[in-house]
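Open the model in your viewer and keep the selection panel at hand.

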There are 2 protein chains.
Amino acid sequence: MQRRDFVHQALLGGAALAAWPRLGGSLPGGSPLGGRHARDAAASQSLRVNGQRLNGWLAAFDRVGRTPTGINRVAYSPADLEGRAFTLDLYRQSGLAPRIDAAGNIVARVPGTRADAKPIVIGSHVDSVTDGGNFDGPVGSFAAIEVARTLAENGRRLAHPLDVVVWQNEEGGTYGSRFWAGLVSEADLDKVARSGKTIREGVGLIGGDVAQVASVRRQPGSVHGYLELHIEQGGLLEKAGLKIGVVQGIVGLRWFEITITGFANHAGATPMDQRQDAMLAAARFTVAVNEAIRRVPGRQVATVGRVNVTPNTTNVIPGQVVLTVDLRDIEQRTIEQFTQTFEQLGREIGEATGTQFRFARLTDSKPALADPRVMDLVQGAATSLGLTHQRMPSGAGHDAQEMAHLGPMGMIFIPSVGGISHSPREFSHAADITNGANVLLHAVLAADRALD
Amino acid sequence: MQRRDFVHQALLGGAALAAWPRLGGSLPGGSPLGGRHARDAAASQSLRVNGQRLNGWLAAFDRVGRTPTGINRVAYSPADLEGRAFTLDLYRQSGLAPRIDAAGNIVARVPGTRADAKPIVIGSHVDSVTDGGNFDGPVGSFAAIEVARTLAENGRRLAHPLDVVVWQNEEGGTYGSRFWAGLVSEADLDKVARSGKTIREGVGLIGGDVAQVASVRRQPGSVHGYLELHIEQGGLLEKAGLKIGVVQGIVGLRWFEITITGFANHAGATPMDQRQDAMLAAARFTVAVNEAIRRVPGRQVATVGRVNVTPNTTNVIPGQVVLTVDLRDIEQRTIEQFTQTFEQLGREIGEATGTQFRFARLTDSKPALADPRVMDLVQGAATSLGLTHQRMPSGAGHDAQEMAHLGPMGMIFIPSVGGISHSPREFSHAADITNGANVLLHAVLAADRALD
């Protein structure tokens, strides 16, 4: 083990030594018991991340992009760049040698002992939504760095290479991981991100180069396993009083943009029975979508999140409303069924209100299922750590859904206080974050021994 | 009569002569028949406005504030200033000497023959809503100018002074006429108009001065009569195949601004039964308001015209919605009853959706009834011109409602094609506009002889 420590230190370079005061001293120099594998397993069993350090990083990160209305680190914004610089510094402090790949992702590889082994990939993102919180993304990103650091500090080298990744622009559409999976089209590159920059411009701004993105593409089957720790962003774990969510997969998602055209007219002079009120039609549709979704048992969700009214004046009957519906479920069949239901509702309500509904799709992503073996590893890790847990789908999208194209994928959830996310009130307790990072650590160790 | 013509020309100043080629030549220099009153009445009977000229002005005005989405001459905008300059030019072309009063209204007085007589006031407005049409306001404004011009060209001087007024910022809340009635508060002055300017700034911008507005205030009973020609803005006249609406009054109006506060959360990760969706609450409320209004027989109307959603993002459950309700009826009692109904609906829907409704009132104006004598004069004028007519309320607000505080008020409606108004498709036929101006002319002549 000592020797492996030295090899590992050599690979990391001398600069890492100063940053790792505990290195080489924290574990017994040798063991009289059993072979290397048994010794490793026994030593691994007691490994724990440094929760205080991890939560300290998160607390320090809270100032980056903080505004009076929440965290604003939208991809390619100055605050995103600042967040990435902060993160690169954490990599370097932790003895990892990060590079920016052509897609703009931050990646560091810790070599494994087996020359032919495929990598284990861990990570998350540090960009945020508009007016978001400090936990969605950074928890999993910093925990991945902490896991790599814990392994190194404890001289625990994996058989498989370990890629520690912070994906770029997750919130705008999992761009970083989609580049790895080869799922970003030329047209996508010209889309305008929330920051006002195109994806093409944004990738360049953060140190990538879209002309070279073919180089980041990985083939299906090329990843030994992908693991991502994340806050739940819902209230199921907290309500159930459980510590860990073993994620079964990421729901499929379809975004509709629906244009309802009526006729703008005077709000005082037009009798109620002579109106073609686009807002009334939009309201009936919003209520009907909600009722349809709730009528059927299951975990499917639908949300009317964006509504733009024209002319949007107190004394004019709205002539046009453009609204969005965000539809999600773990079963693709459910998404198809509700698509038909919504289109039918649009026809009926259009007819009843003298308006026309036109449906367009902004986004369409299929459900991404976790690998049952990875779920078992995560569940085993939680059990061995004495942490209560349940299996559950992820209602939110994650880079894990793209990585599912490249190899066995799994995710670990920790409770979100009040189920609140994408909000300045997003919060997870430090103890839960430490628990999640320890489950990630032990799931990685287990994956290193399994999945082949 | 000749002498009266000369007196009138002298009052108007020499500059007016060139503009009035027909002046002094279109009527017989004297008459062998009867006294002056009988001669005037006989000459008046055959008077007609120059409909071609009036409709020519409207056609030329159509380019002012024209945008791809409609006429945009919202008060205090550059296009409003341009519209006012155009209108001032019409006054001057027509031999009227316009001035801007301290409230920003354009006013020209044609003196009467009786020194102690109270003025007859005629006019309308030239500002528009966002994305409106060219007829709501300009028809009545330009017809008032044309009526004064016709009287002068035909040497027909009234006993009463004639004030030709173009009110400022009608669409934003009948500000010009409310200043005359003393109904604008200090707080109103700081309200922000659609142009982004406060009323205070706007009045200054168009040549008024809020520090001097006390000077424009008129006392109740100080106006001999107010008459306003306007397009109907509804479809009742067209449906009935009638030419003239004799307006019975202007409905009362109450504008609510309702803030619905829920909780913004992740659209994917938040189960349907754990949401506090402000948009769902807004939609239910919009539907419920519509159903409540339609359930009760009557002409009351209610409109949700403005809806602003926060954060207005596809994948976030809306945390807040601010919407407006525009409620109108000719009976104040009905407005009070529906106010209670709406507040009750807000409480019920708030409770059912986990949201809170907060009601504020933006505008509150009581029904303003036309004077029965003025209605008779308008009806008599229509009858004498051979124009079919009906009595009807005005569902839209007008400056006439403020002028009803100062003296007997009446309005004349002409058909709106398709009942369309506050829309780029707003249209009235030239023949109907000429008819309306002739009714205005003859109602003014009749009012000059009556109402004392």
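How many bridges join strand β9 of chain A to β14(A)? Select residues 252-261 of chain A: nine bridges link this strand, β9, to β14(A), and the two run antiparallel. (Strands are DSSP E runs of at least two residues and helices H or I runs of at least four, numbered from the N terminus; strands pair if DSSP finds at least two bridges.) Zoom to A:Thr259, which stands opposite A:Arg358 in β14(A).

This is a predicted model: local features need pLDDT of at least 70, side-chain atom pairs count only at pLDDT 80 or more, and totals for chains, interfaces and linings use all residues. Residues are numbered from 1 along each chain as its sequence is written, with chains lettered from A and ligands numbered from 1 in the order written.

Now show the open sheet of four strands, ordered β11-β13-β9-β14 in chain A, with antiparallel pairing. Its edge strands are β11 (301-310) and β14 (356-365).

Next, select 278-295 of chain A. This is helix α11, lying across β9, β11 and β13 (320-329) at about 175 degrees to β11(A). (Angles run from 0 to 180 degrees between N-to-C directions of axes fitted to C-alpha atoms, for helices over the stretch in contact.)

Colour chain A by domain: domain 1 is 2-250 + 368-449, domain 2 is 252-365. The bounds come from an automatic or database assignment. Their C-alpha centres are 38 Å apart.

Finish in chain B. Select α13 (372-384) and α15 (430-449): their axes come within 8 Å and cross at roughly 125 degrees.

Methods. Contact = placed C-beta atoms within 7 Å.
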